[in-house]
Amino acid sequence: LSRASEEKGFWRMVSMAKRLEGAGKPFIWLVCSTLCVAPAELQKAIKSIPEMIEVEPQFYTKQLLHVADYCIQLSDTEAYCYSVHEALATGVPVIATKFDQAKKIIKDGKNGYLLDFDLSNLNVNKIFNEIPKGFTYTEKPSPLWEEVMDGTL
């Protein structure tokens with residue numbers, strides 16, 4: 001659930017998918033993005049992995065979270081990652097790179113997994129065999145936002 005821009009980590013997605021394939025793990029990866037705006041080389045790489053299926057963004061796209069084992073967000077950075085918050089609020093664990101926002105809300109092994117940017121700590125068996133379930137997530141507004149809303153700022 002992401003734009004296909006460079007900072008969103010689409011090349012990491014390709015790398016991760018190849019590692020899943022190499023481990024012989026069955027998966028379907030719904031890539032909810034407008035890939036036509038991505039570089040041709042990236043489009044070709046994604047299309048070369050049959051398990052990765054492009055889903056054009058639509059109003060209903062976030063409903064796909066209800067059938068997902070994970071939401072995967074391998075960005076370089078995020079200010080506020082809407083897809084991660086949506087997934088967690090839906091009870092779907094998140095696999096994300098260790099961008100600052102992810103480190104604040106993803107508790108490794110509890111509501112998802114945090115990966116190094118080079119994916120060196122990707123444990124394929126763990127993410128397949130130990131899918132976090134039964135967690136609750138309540139988004140907490142920033143203290144600054146609370147001050148704005150209650151008029152003390």
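## Surroundings of Ala-45

Leaving aside neighbours within four places in sequence, Ala-45 is in contact (heavy atoms within 4.5 Å) with Trp-11 and Val-14. Ala-45 belongs to helix H2; helices (H or I, at least four residues) and strands (E, at least two) are DSSP runs numbered from the N terminus. Ala-45 counts as buried because its relative accessibility is 13%, where buried means under 20% relative accessible area, exposed over 50% and partly exposed in between (1.4 Å probe, protein chains only). Phe-10 is 35 residues from Ala-45 in sequence, and their C-alpha atoms are 9.9 Å apart.

This is a predicted model, in which local features need pLDDT of at least 70 and side-chain atom pairs count only at pLDDT 80 or more, while totals for chains, interfaces and linings use all residues. Residues are numbered from 1 along each chain as its sequence is written, and side-chain values use heavy atoms, with hydrogens and water left out.

## Nonpolar cores

A nonpolar core is a set of buried Ala, Val, Leu, Ile, Met, Phe, Trp, Tyr and Cys residues joined through side-chain atoms within 4.5 Å. The largest holds 27 residues, of which Phe-10, Met-16, Trp-29, Met-52 and Ile-127 touch the most other members. Two or more residues come from each of helix H1 (10-22), strand E1 (29-32), helix H2 (40-47), strand E5 (112-115) and helix H5 (124-129). H1 gives the most, with 6 residues. Apart from this core lies another, of 16 residues, including Leu-65, Val-94, Ile-106 and Tyr-137.

Beyond its neighbours within four places in sequence, Ile-127 contacts Met-16, Leu-20, Tyr-70, Ile-95, Tyr-113 and Leu-122.

Tyr-70 lies in the loop between strand E2 (52-55) and strand E3 (71-73), and Tyr-113 in strand E5, 43 residues apart. Tyr-70 counts as buried at 16% relative accessibility, and Tyr-113 is buried at 5% relative accessible area.

## Strand pairing and crossover

E1 and E2 pair in the parallel sense over 4 bridges; pairing requires that DSSP finds at least two bridges between two strands. Cys-32 has Val-55 in E2 as its bridge partner. The β-α-β crossover from E1 through H2 to E2 is right-handed: with the strands pointing away from the viewer, the path from the first strand over the helix to the second runs clockwise.
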